[in-house]
Amino acid sequence: MKCMPGCAHCEATSMYIVVSLALITTMGIALARALLGPSVYDRVLAVNMFGTKTVLLLSVIAFLYGRPDFLDLALAYALINFIGVLAVLEFFRSRVPDARERRTGRHG
Amino acid sequence: MNTVLDILSWILLTLGGLAVLTGGIGALRMPDLYTRMHSASVTDSLGAILVISGIMLQAGLTLATLKLAAILLFLLLTSPTASNALATAALLAGTRPLDDEDSGDAST
Amino acid sequence: MTALFGVFLLSLLVITAIGIVRATNLFVAVMLMGIASLLIAANFFILDAADVALTEAAVGAGVATVLFLGALSLTTSRERAPSANALVSGIVTVIAALIVIYATFDKPQFGDPNAPVHTHVAPWYLDKTPEYIDIPNVVTAVLGSYRSYDTMGEVFVVFTAGIGVLFLLGTRRVSRSLEEESKINLGLRHHLIPRTIGRLVIPFILLFGLYVQFHGEYGPGGAFQAGAIIAASLILYALLEGERHALELLPPQVLLFMMAGGALFYAAVGIAGMLLGGNFLDFSVLLGDSVKGQQIGILLVEFGVGVTVTGTLLSIYHAFAARNTR
Amino acid sequence: MTLFGLFNYWVFAVLLMIGFYAVIAKPNLIKKLIGLTLFQSAVFLLYITMGRIEGGTAPILSGNTGDTIYANPLPQVLILTAIVVGISTVALGLGIVVRIREEYGTIEESEISEIDQR
């Protein structure tokens, strides 16, 4: 797959760059939130947000490069990110009583 | 016709970039978890819709548009679900939303 | 322009890495690892490595996070002791970093087409692939055909690592009544919305995994990525429906069979080439037409890799998770 | 361009050493494994950086055009397999850490060696 028809692609490049700058800035912000915390849930929120922004950034960059067949990657990220966030929540939740139980006595 | 589409996608992409950026700033500046979540999920849904439909207009009727639609669909399905799971988890773990009465205490 | 993207993303990566090392809560460290993995994957994409980016996304952000979390839930999430002799280690690290950075000044500039790496072998691969194998994705061609000895070795390493984890943690059956299980009213399986959406999404993730597996000759993708994606989707199933159901769907014996079967299938394809008069893992003799033979050989070999990777990653996950619910 | 001409390699060096620091200075075994993963990622980054050619694109041939520059496929193949092998071996390490925790009740290096000396 080559360029878009006509010169639309060349014109489009500048606005892709604008959007990707906005996305990268937001990724930076999400990273700041993930580092600042304060609670674990804030960090999960930041990770989720970071993942979505990465998906958008990759879609934009795929078009910026003029190789839209790489959108598969963005799709994969969208799916995997969901699994990651749910896994964090699941394990964090099932861990809460565990810690209490371990404090009273070692098991196993 | 092409120019109209270009201008339309310009507008959508710029708005998308703005939505993502404002949401990101909100996620950084809001006082407690739930307000941050509110702000972050706005970027996830609105920003994603705007940015991806902006790119879709550029792509025209190709396989890439189909993939973009799939990405958008998955983002719209998974991101609110993750937010919901996160909010439930946080609430069950005892994180209370910030009330008017205890304003200023953002540490919980 | 893209170079600037790269610079920005890499700076974020360094910040994340420092955050990971400084975090005393290991949960936080693991979550930041997820972010770091996404950043590295985005970097790989910018560095023109679509296949690697797909692998890193599927493995790093999905499976690695889940495995680390599984291990954390079996151990502890707090790092208690402070760094031992932090000062000495810090000085050693800084000196070593400076030495490595000094060494980089001898490296060719970023993106230099005349760098030594690009003068040998690689141009040959790029030139000859249309002639010998005739598939667009050169990475898959090199992986499956030119360097299939190497890939076979890697598959057996993955298999061995999986066996090692099973030796350490065992594949104990989860023998708990449903009643007992429902008493633990924690976890996602008691929440309607994630479960519903999960049920909706899992088939599509599986489908996408299969697409990545069989489209690997034409676009970014291949068996390693597909194996990780399929494993991730089944891990999601296990998270949402509970360990029991997941193990009923794919019992440990089946997973073991997949682990060993995929690797052996790979070797069997190589031996088939020998029986037909070629060398071990020479695919051009598999069919009458040597190009077609190469293509079918890559397809078969990739199938074996995918089965082994899926089986191994799932076995490893279940080894951690089943121990968890004891 | 020349200003950032070696930037990727510097990031490689810094990332490598951050991982290394975690491995040698942190007494927590899981933290050591996390450091090892960072170390691995740094190496991956080095290889992929070396494979890139300015103005090139991913090595997925797009048909007729003869003058398209493609990135070097070889490092990509090596790293692709290395990522999957890396996660398998890290999982093995995690398995060992879990067993250590079950036997010793701790995953801190100093406490483990204390128990060993008893």
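Buried area is the accessible area that two parts lose on being put together, summed over both. With that in hand, let's walk through this predicted model, starting with its interfaces.

Chain C and chain A bury about 4700 Å² between them, and carbon and sulfur atoms give 82% of that. In residue terms, 59 residues of chain C touch 45 residues of chain A. On the chain C side, C:Phe5, C:Met31 and C:Phe45 lose the most area to chain A, together 15% of what that side buries. Chain C also meets chain D, with 95 residues from chain C and 79 residues from chain D taking part. Here D:Arg52, D:Leu61 and D:Leu80 supply 8% of the area that chain D buries against chain C, more than any other three residues. The two interfaces are set out below.

| Interface | Area buried | Share from carbon and sulfur atoms |
|---|---|---|
| chain C and chain A | about 4700 Å² | 82% |
| chain D and chain C | about 7900 Å² | 77% |

On to the rings. Searching the whole structure turns up 12 aromatic pairs over all chains. One of them is B:Phe74 with C:Phe204, an edge-to-face pair with 5.9 Å centre to centre and 65° between the planes. B:Phe74 sits in helix α3 (residues 63–92) of chain B, while C:Phe204 sits in helix α9 (residues 192–214) of chain C, so this pair joins two chains.

Another pair stays inside chain C. The ring centres of C:Tyr149 and C:Phe280 lie 5.8 Å apart with their planes at 55°, so that pair is tilted. C:Tyr149 belongs to helix α7 (residues 148–169) and C:Phe280 to the loop between α12 (252–275) and α13 (290–324), so the pair ties together parts of chain C that are 131 residues apart in sequence. C:Tyr149 itself counts as exposed, at 53% relative accessibility. Elsewhere in chain C, ring pairs link C:Trp124, C:Tyr125, C:Tyr132 and C:Tyr146 into a cluster.

Back to α9(C), the helix that holds C:Phe204. α9(C) has 23 residues and reaches 34 Å from its first C-alpha to its last, close to the 33 Å expected at 1.5 Å a residue. There is a bend of about 30° at C:Arg199, with a proline, C:Pro203, following within four residues. The buried residues of α9(C) include C:Ile197, C:Val201, C:Ile205, C:Phe208 and C:Val212. An α-helix has 3.6 residues a turn, so residues three or four places apart point the same way.

A:Ser59, in helix α2 (residues 40–64) of chain A, is buried with a relative accessible area of 0%. Not counting residues up to four places away in sequence, A:Ser59 touches A:Leu71 and A:Ala74 in its own chain plus B:Ile55, B:Leu68 and B:Ile71 in chain B. B:Leu61, by comparison, lies in the loop between α2 (33–59) and α3 of chain B and is exposed, at 89% relative accessibility. From B:Leu61 to B:Asp44 is 17 residues in sequence and 25 Å in space, C-alpha to C-alpha.

Finally, a word on confidence. Chain B has a mean pLDDT of 83, and 91% of its residues reach 70 or more. Over residues 104–108 of chain B, though, the pLDDT is below 50, and this stretch has 5 contacts in the model beyond near neighbours in sequence. Where pLDDT is low, the predicted coordinates should not be read in detail.

Key:
Residues are numbered from 1 along each chain as its sequence is written. Chains are lettered from A and ligands numbered from 1 in the order in which they are written. This is a predicted model: local features need pLDDT of at least 70, side-chain atom pairs count only at pLDDT 80 or more; totals for chains, interfaces and linings use all residues. Side-chain values use heavy atoms; hydrogens and water are left out. Rings of Phe, Tyr and Trp (its six-membered ring) pair if their centres lie within 6.5 Å; planes under 30 degrees apart count as stacked, over 60 as edge-to-face and the rest as tilted. Buried means under 20% relative accessible area, exposed over 50%, partly exposed in between (1.4 Å probe, protein chains only). pLDDT is the predictor's confidence in each residue, from 0 to 100. Contact means heavy atoms within 4.5 Å. The expected span of a helix is 1.5 Å times one less than its number of residues. The bend at a residue is the angle between axes fitted to the seven residues ending there and the seven starting there. Buried area is the accessible area (1.4 Å probe) that two parts lose on being put together, summed over both.
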